[in-house]
Amino acid sequence: LIPRLPLPAELTSALHTPHLTPPLLLCDLLLRYRHLLSLTPPLLHCDLLLRYRHLLSLTPPLEHTSTGSIPQYPMKSWAIVAALVSLEWSSSTMQTSAYIISPQTSVLRSTRVSQLSRHAPSVLRPRVAALQKGAMQMQSRREEEELKEASYLLSLSHEELRSSPPPETTRMGRLITYSRKVFIPLTKLCRDRCSYCTFAEHEGLREGGRAYLTEEEVIAIARQGAEAGCTEALFTLGDRPEKRWKEAREELAAMGYSSTIEYLARCCDLVLQETGLLPHANPGVMSREELSRLRRSCASQGIMLESTSTSLLLPGQPHHRSPDKAPLRRLAVIEEAGKLKIPFTTGILIGIGETRLERIESLMAIRRAHERYGHIQEIIIQPFRSKEKTNMENHPHASFEELEWTIMVAVRLFHHTKVAIQTPPNLSEEAELLRLLQVGINDWGGVSPVTIDHVNPERAWPEVEQLRRITERSGNFLLPRLPVYPAYCTGKLTCSQTLETWQDPHVRRYVVRSMDSEGFARDECPPGQQWTTGTNSELPARDHYDRRFLPGGSQYVKWKNWKEVPQVSEEVTGILMRVMENGRQTRLKETERLLRARGNDAAAICLAADELRRREKKGRISFAVVRNINYTNLCVLKCSFCAFSKGRHDLRGSPYNLDLPEIRKRVEEAWSRGATEVCLQGGIHPDYTGSTYLSILQAVKTEQPNIHVHAFSPLEVHQGASTLDMSVEEYLKMMKEQGLGSLPGTAAEILDDEIREIICPDKLTTKQWLQVVETAHKVSLRTTSTIMFGHVETPKAWARHLMRIRGLQARTGGITEFVPLPFVHLQAPMFLKGESRKGPTLREAVLMHAVARLALFPQISNIQTSWVKMGLEGVRLTLQAGVNDMGGTLMNESISRAAGATTGQEMTPQAMRVMVQSVSSNEDPREVWQRTTLYDKADESRVQASL
């Protein structure tokens, strides 16, 4: 029965082995190549099915009948029934349902194949029996559940959908996202001829006769986007224009490319390298090899499924003469993207002739792919808008009611996932946008401050500020994201493993540099205007989206205390009430929630932390006059964040090792300038033993017996003890006898071994670090405590760190202060290798200080800010968010400077006082005082000497 014609290999294979070919795929192939086939009996069934597709739905019946006889329909109807039986199965009792149209009621009904075999014309009985056997083998409970779910959704009225919210969701909650993008139409030629499209310019080429943007034009557009603070370069283009257009083939050949996809990959590479924007590509139907090639250049990819309705491919329908719009071809792309671990965008186009049943079928097909591979990051619900000079210019727009209905259904189908539901804001009226938020969308899609929407050029993008006002009016918070969603950037504790799974190594370095600790975009500022740790960069404008909720911001200044802040989430309000009014300590999840706060939540936390500071410290802000002495930078450890340490033969610079006379000289200089403390730390020198550290102590105390020695991290103490074959306790007692006054709580980094394995695998474990510090407290040596944050970890890791510090202090009471140390990335090896973020954002850095005040209360009452890491403007913010200590003057800071910090090596006592007075007010007066290491008041002679 197979025609003796030269047929495509995929069709020949399917016809020779129909029992191995999925029924829907077989029908799709028969439709695509129908002009090559004669309508022999087997093909007749599919032809009839396709011809009457507009009367049928391959989704749940509206009405079921399981008893009664089946009328003897004409042969044509039975052919439709037989074809339908081959496509859909239902019922867990292995009874297959076939769907027929009752000519009397025009209602879709179902019956059992077992009944069909009795009532079908004799010519069809063998075929029906075979279908029955196959159906019994392919039956699954999941398919029955889908049928029931779809039937239920169809049974709900619009009002019932609006009034019955979906079950508890794991989606993004109060955060509404958008992507700040630049739109790059690489080519507007396309081999498809969709009846509604004006993007594809079939009537002529671009000005100048070119089919494609040149590489120079692509880079110019991308640079415009980068200068406007965009993070995404959206490449949109027609499907395989070279298959139809001679001009496209010739131009590609002249440029040295064999296909549009190959040229697209080159342009994505250029944009990534030249501008840092993250490419997102929508080139249409692709092979596995093409998807894989683009994965090496793009952060994410996408294809609109549009619809699984094959009737839209028939003559007179929107997708006739559009071979790339065949549903199975597009579903195959979605499947392959999942196998390749590509963060993927897809969606449906509504109002082009499909039914509500078909929309549900399309969304379920997407859901099935996501459940297999977990790669669908967003679903776009796009309403049809008719355009002039198209075949569908007189077709009505998709109504807003249909858009609402489809969004509500999509939200219910995907409520258990992290898949975002999006609709383009420029395709709805301004008055409708608030309602879209109310029915469940949580993403506005891409919005460009630079380029038009080339797909819908008649619909201008709304201003971001307009979207922000509408979003906040709904009680939500708008923030920018990357083209790749947070779920594909970060895990529970670290971003490293997640990025390794979902990003090619070449692209990964650009993604991690663009993201914050939760995988969202860092901020909306152009690169040169972003606040950066370790610099004295200016802060973003007071009305900047994050800045306005931090001290001094345009929103923050409206409120005098945390209770005045409107629209604070119930969760954050409850946590603050328990801490501020009941004195209860935060739990791990509560601490993590505070660290993730944004918008009004962040403002309330900063205000509450500063109120707690006033209660504990009465407006007193302290500092100490200190000299840092980093005696060696030669280190055997390979901490990936450290730019200070050097090997014996290091290409980054020569190592040094201060001798004892030089150390004594620096101690004497410190004393003469009013210092009360010298802080001594260094690398783990391969030749150092415990005796070396003891000799350094002796040299210091011999030179100046009255100076406080704050020296040796827990790592150095542990190493010194091990080289002398002593216990840590014995060694600490010996050091104390030699004049050690206290220990810096450095080398803590993040007290979580999963993070430490990435950033400092050969350092102390979390348990070892805590044991050394606890032992120091046991022998009456007090310590500071620190956290080094903003590299690969997440807020959950921060919360664990804070809880461990608080637990230690509850046991020993030996910690004097807590010091957040924002990661300085500029020269850090892990950043240069593309393995870390660009330090914390301004919001994250300020919140760390504020949450530390709340989470460590009442165990640790001193929260210190690092002027070296935060810069002058950052320090000013932290002083209004719970900080009561400015740290030390330092004199010779070198560790942060080695990492690229430009904030200087010293802040004088006079500068300290000026800084504190700059945040003093009548309502919140500040008193500056000079302290010792252990928070006693410095002797007046020392104060005068420091001036």
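Residues are termed buried under 20% relative accessible area, exposed over 50% and partly exposed in between, with a 1.4 Å probe and protein chains only. Helix α14 (residues 356-373) is mostly covered by this criterion, with 14 of its 18 residues buried. The model is a predicted one, in which local features need pLDDT of at least 70 and side-chain atom pairs count only at pLDDT 80 or more, while totals for chains, interfaces and linings use all residues. Residues are numbered from 1 along each chain as its sequence is written, and side-chain values use heavy atoms, with hydrogens and water left out.

The protein chain has 947 residues, of which 63% count as buried. It holds 35 helices and 21 strands. These are DSSP runs numbered from the N terminus: H or I over at least four residues for helices, E over at least two for strands. Contact means heavy atoms within 4.5 Å. Among contacts between residues at least 6 apart in sequence, 75% join residues at least 24 apart.

Helix α14 reaches 26 Å from its first C-alpha to its last. This is close to the 26 Å expected for its 18 residues at 1.5 Å a residue. The expected span is 1.5 Å times one less than the number of residues. Just after α14, G374 takes a positive phi of about 65 degrees.

Axes are lines fitted to C-alpha atoms, for helices over the stretch in contact, and angles run from 0 to 180 degrees between N-to-C directions. Angles under 35 degrees count as roughly parallel, over 145 as roughly antiparallel, 65 to 115 as roughly perpendicular and the rest as oblique. A crossing is right-handed if the near helix is turned clockwise from the far one by less than a right angle, and left-handed if anticlockwise. Ala, Val, Leu, Ile, Met, Phe, Trp, Tyr, Cys and Pro are classed as nonpolar, Asp, Glu, Lys and Arg as charged, and the others, Gly among them, as polar.

The axes of α11 (residues 260-275) and α12 (residues 288-295) come within 9 Å and cross at roughly 15 degrees. The two helices are therefore roughly parallel. Their crossing is right-handed. On the α11 side, I261, L264, A265, R266 and D269 take part, meeting E290, R293 and L294 of α12. Four of these residues are nonpolar, none polar and four charged.

Helices α15 (residues 400-413) and α16 (residues 430-439) pack with axes 9 Å apart, at about 25 degrees. That angle makes α15 roughly parallel to α16. The crossing is right-handed. F400, L403, E404, I407, M408 and V411 of α15 meet E432, R435, L436 and V439 of α16. The contact has seven nonpolar, no polar and three charged residues.

Between α28 (residues 766-778) and α29 (residues 795-812), the axes come within 10 Å and cross at roughly 30 degrees. This pair is therefore roughly parallel. Its crossing is right-handed. T766, W769, L770, V773, E774 and H777 of α28 make the contact with R804, I805, L808, R811 and T812 of α29. Five of the residues are nonpolar, three polar and three charged.

Buried residues of α28 include T766, W769, L770, V773 and H777. The end C-alpha atoms of α28 are 18 Å apart, in agreement with the 18 Å that its 13 residues should span at 1.5 Å a residue. Just after α28, S780 takes a positive phi of about 70 degrees.
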